[in-house]
Every structure is written in structure tokens, then in C-alpha cells.
Amino acid sequence: MKFTKTMEFGIPAVGFGTFGSDHADAAVVSEAVATALKAGYRHIDCAAVYGNEKEIGEVLRRAMAGQIDGLPALRRDELWITSKLWNDRHAPGVCTETFKKSLSDLGLDYLDLYLVHWPFPNAHEAHCDVTSRAASARPYIHEEFMTLWHELEQLVDAGLVRHLGVSNMTRPKLELVLRDCRIKPAFNEMELHPSFQQKDFYDYVKAQGIGIIGYCPLGSPNRPERDTTANDVVDMEMPSVKAAAAAHGCHPAAVCLKWAHQRGHVPIPFSTKEKNIVSNLECLLSDPLTDAEMQAIAADDRNCRLIKGQVFLWDGCGDNWHKLWDENGVIEK
């Protein structure tokens, strides 16, 4: 099976995530990528900070060499490969060096999409808890971000990446980037699932001609413990999702993915289990949700952000993660 539907800029309409969180190491994730390619995925969403690009690169090499059993050799232009720049690599020169390392680790001559993972240079240690704070953390500084962006634009000029994009953005920040950039972001990768639909921001991004990639499409049940709170909504237990699943005789996860696909953005589910990898793709090929089901899910939005980003807060914020997301329409300082 090969999933051939594409959206803006020719991106495949579903991708395969590679963030193994704390439960899947690089070997497990790379094997899942091989399974995904055999199932028909052609869009792989990577990031340097996930710590598995070298292993994924070996899978891509084998896939293009015809060395994966059950998978005919793939051409490079059949694949869409995304990577992301981590927060502590924003500095001039460092960002280009980091991009080239991802390109080398993935064994490619170019990337289809390169995202700035978060809009501020605040990093954290792997597997840290929710109280972790970087001493150097600070709020968004637009001039610094644009210095980074202009350097990344040169990678497009050099033919090393086809498209640039942003991730975990807010409207006030994105408005400034659009005002000052030479090459407009082609995509925004953002948290999207039935309990967190971000309708106003979603509509704004679409109106700018920017494609949307949605992470946590199933509500990320295996997300790190630091990203869980007592009031989090479980998407697959929402009444509208469960009702649609019962009507279609499918798992609620399939409803979440159908909803994303029919809404018009690109979901990037992740699993290490072959059954789930295959079913997450197959559910998009038939039996769409009805208009009434789509409307019921839209009405069931809970504004429940799961990836709150507490570990990226700067001094003076306390535990107020809302400051990361400019919810009052201005960039928080």
C-alpha cells in the first residue's frame, strides 16, 4: 500500500512521527520507521533532539537501496523527510552546522522541510522533570530569531532544503516573522487533536497560505510524565470521538486521524506496533466521518493543551506556562 494523497507543497497527507518519548530508544524507533515505509508511509517527521536520526538515516539508505524485505527500492523524490533545529542551536553558524549534521545523519543530499523546533533558544536536559529550568532561558527575542531565519534562508538558496517552517509558534510571533522574512514559512507544526483544535490560530495560519502539520494527533497517550497534568483530557474518551468510533466500527484513534485529515492538516502519528502503524494509515483511505460527526467533534473542543512546555520557562515566570503561548495576543516577556 502506498499513500499517495498530498497537500500543500506536495507533502504527503499523513506522516510518521519519530519522537519515542521515554519509552522507545533509537533502535526501536528506526525499526518502526522501516515498518512504516513498508506499510506505505512516505513522510517521516524527524528531529535532531529525538536522538535517532543516524539510525533512521540507515533505514532510509536501506529503503532507497532496495534492502528492506517487502519494500521495493524507493526513489528520493518519493520521500518527504522533515527535521528540526533544537533550541540550543540557534546561534549564527551553529544552526547551519546543526542542519548539516542532521542531513549527514539522515544520509541525504537535501531535506524537504526544516523546522525551527521552538521559537526561543531555551533547552532542557533529556528526561528532565517538569520543574527543570535552564539558567540561560529567556523569552522570545525577535531580532535573534530573524538572524537565525535569514541564515536558514541561505540553506534554501543552496538547494539543501526545499522548505522552511516553524513549530510551536504563536500568532504574535508568526506575524512578526511574516513581516520580516524573505522566504515565508511553508509550514507550521502545532499541537492539534480533538480536545485542542486551536481554531482561531489554525484559521489564521491557513489564511496566510501556510501548511499545517499536527502533532499529538491521538492526544499523545505516551507523552513524557512531565507533560501530564490531572486536568488533561483523554481525546479517545471524548463523547464525540467515541460516538463516531461506534458508528464506524473502528478504534477512537482512527476517528482522531480521520478528523485531522478531513479538517485539512497533516497528522503525524507514532507507534512502534505494526498493527497500529498499518491501521493508522489505512483508516484514512475509506469510510470518512460524516459532516455531522465533524461538527460534533468541533463542538467538543476543550482547549486542552497537552504539551504545555513548562521546562522552557524563563526566570520570573514561576510555573505559568501560559506565558509561552502569548494567549493575550502579545508576546510575553
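**Salt bridges in the predicted model**

D45, K84 and E189 are linked in a network of salt bridges. This is a predicted model, in which local features need pLDDT of at least 70 and side-chain atom pairs count only at pLDDT 80 or more, while totals for chains, interfaces and linings use all residues. Residues are numbered from 1 along each chain as its sequence is written, and side-chain values use heavy atoms, leaving out hydrogens and water.

Biologist: How many salt bridges does the rule give?

Modeller: Side chains of opposite charge can pair when their charged atoms come close. The rule requires a side-chain nitrogen of Lys or Arg within 4 Å of a carboxyl oxygen of Asp or Glu. By this rule, the count of salt bridges is 21.

Biologist: Which residue forms a salt bridge with R138?

Modeller: R138 is partly exposed at 29% relative accessibility, a class lying between buried (under 20% relative accessible area) and exposed (over 50%), with a 1.4 Å probe and protein chains only. The closest N and O atoms of the pair are 2.7 Å apart. The partner of R138 in this salt bridge is E144.

Biologist: How many residues apart in sequence are the parts that R182 and D157 tie together?

Modeller: The side chains of R182 and D157 meet in a salt bridge of 2.7 Å, N to O. R182 lies in the loop between α5 (171–180) and β6 (187–191), whereas D157 belongs to helix α4 (residues 142–157); helices (H or I, at least four residues) and strands (E, at least two) are DSSP runs, numbered from the N terminus. The pair therefore joins parts whose separation in sequence is 25 residues.
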